[in-house]
Amino acid sequence: MKKTKKYYFIGIGGIAMGTLAGMLKTKGHIVAGSDQGVYPPMSDMLKEQKIKIFSPYNEFHVKTFKPDIVVVGNTIKRGNPELEYVISKGQIYRSLPDVLREEIIESKKLLPIVVTGTHGKTTTTALIAWILECAGLDPTIFCGGFTRNFNSSFKLGNGKYVIIEGDEYTTSFFDKNPKFFHYRPYIGIINNIEHDHLDVYSSINDTKNVFSKFINLIPKNGKLIINADDKNINDIVKNVSYETFGLNSGNLIAKNITFGQTGTTFNMFNVKHDLGKFHMKLAGSFNVYNCLAAISTSLALNIPVSRIKNAIATFDGVVRRAEFLGEKNGKTVINDYAHHPTAVRETIKAIRAKFHGNRIIALFEPGSSSSRMKIFEKPYVEALANADIAYIYKPFLPFNLKQTSRSSGLFSQNRVSREIIRLGKKSRSCDSIDKLLFHLKQETRPNDVLIIMSCRGFGGLKDKIWTAL
């Protein structure tokens, strides 16, 4: 008989931490945790799971809950009162990846399909999971976003595969290795590699190095699947075997791509064999890459093409990934998680392709550590200039960042806005939601498409924006 454990999560509000908490609760364990500033959809999921959230951080919460194991989120640092209590009392603490590996991968003896890359991990993970589900393989899923088809960020299946979103960010305060080092990949997917997480990786070579080490974890009877169009990936796969996909080269190639209001259509070729026409509801060439990664993985698992086609056609996407929030007075509002300059640029391009002829208004909040650094200002200017109007909001908690030589200072919404204007585009810098809403009310008009872009809560903008429309 399996023993029920008591797990306490410090930093439970993050999507990955909350997802693991939900999985453990579903497995029958007793789960609680703490955080500050938890917002939907994770706050809603934790409430639905009846997982208690304590706030603010206080050692009293840990003391009264009396956990068997404390899971420490990777944003939690020394000085946190709960962490200090756990360490001082000699309590058992683990990182999220450690617990995910032990409780899910190893305990169930699953074969992990680990999805990596700077962009597209969540969508690709969700899409692979949906294809396997439609093929009757009943997978286990650990995803960095709420998948619409499963109405959850996780699933405990009875099949032999687990699909995991593999992050290259550090594991915890006591383990500075990337999270994806812990997941024992049977199939490893690398969709793209760019310089990101500037607070961890000082150069693109450092980033490529950890992906190279990830490749080395794949067993000989496993499989590596890569984007053949990505130069940085090609630099690190010189002496290994792999399957490839791409728009320009690869074993699996998409051609005749067309974008429209209902989504994207393309023809798929496996080497020279025509697999026929595919349709997905998602827009943008970056989502074609995500789709190619999922198809390549599914073919490696011998899933019939007809099952793959049907799954892709019925895939509804992920919450906060070009998510349609609604329409008011002819103005459309879309919510997206984009925070890296490339993701911001590609999201705007994808929405423009879908809403051809409409004005695109970008609303951007710098939320990640990298996005709040000055070094990324120029790429953001170039990305946001693709919109007709760009609203730049103040960075999320900028005082939490140290001004290091790596970043050469912090992001300034005023500088970015000025540079966009200098390129001949319209832009506004806003340091309050009320100010942003005031200008939106004056400047928006019917047929405008507004894209909220943030990996944080953006001051509740998605709920408040309707008053300005």
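Before the first stop, one term: buried means under 20% relative accessible area, exposed means over 50%, and partly exposed is in between (1.4 Å probe, protein chains only). Helices (H or I, at least four residues) and strands (E, at least two) are DSSP runs, numbered from the N terminus.

Keep in mind that this is a predicted model, where local features need pLDDT of at least 70, side-chain atom pairs count only at pLDDT 80 or more, and totals for chains, interfaces and linings use all residues. Residues are numbered from 1 along each chain as its sequence is written, and side-chain values use heavy atoms, with hydrogens and water left out.

Select residues 81-88, helix α4, and color Glu82, Leu83, Tyr85 and Val86: these are buried. They sit on the same side of α4 because they cover an arc of only 160 degrees around the axis (the arc is that of the directions from the helix axis to the C-beta atoms).

Stay here and show the ends. At the start of α4, a side-chain oxygen of asparagine 80 comes within 2.9 Å of the backbone nitrogen of glutamate 82. Just after α4, click glycine 90, which has a positive phi of about 70 degrees.

Next, jump to the loop between β3 (52-54) and α3 (59-65), where you'll find proline 56. The peptide bond joining serine 55 to proline 56 is cis, with omega about -5 degrees.

Now pick lysine 50, in the loop between α2 (42-48) and β3. Lysine 50 isn't a glycine, yet its phi is positive, about 60 degrees. Lysine 50 is exposed, at 70% relative accessible area.

Key: Polar contact = N/O pair within 3.5 Å; in protein donor to acceptor, adjacent residues only side chain to side chain.
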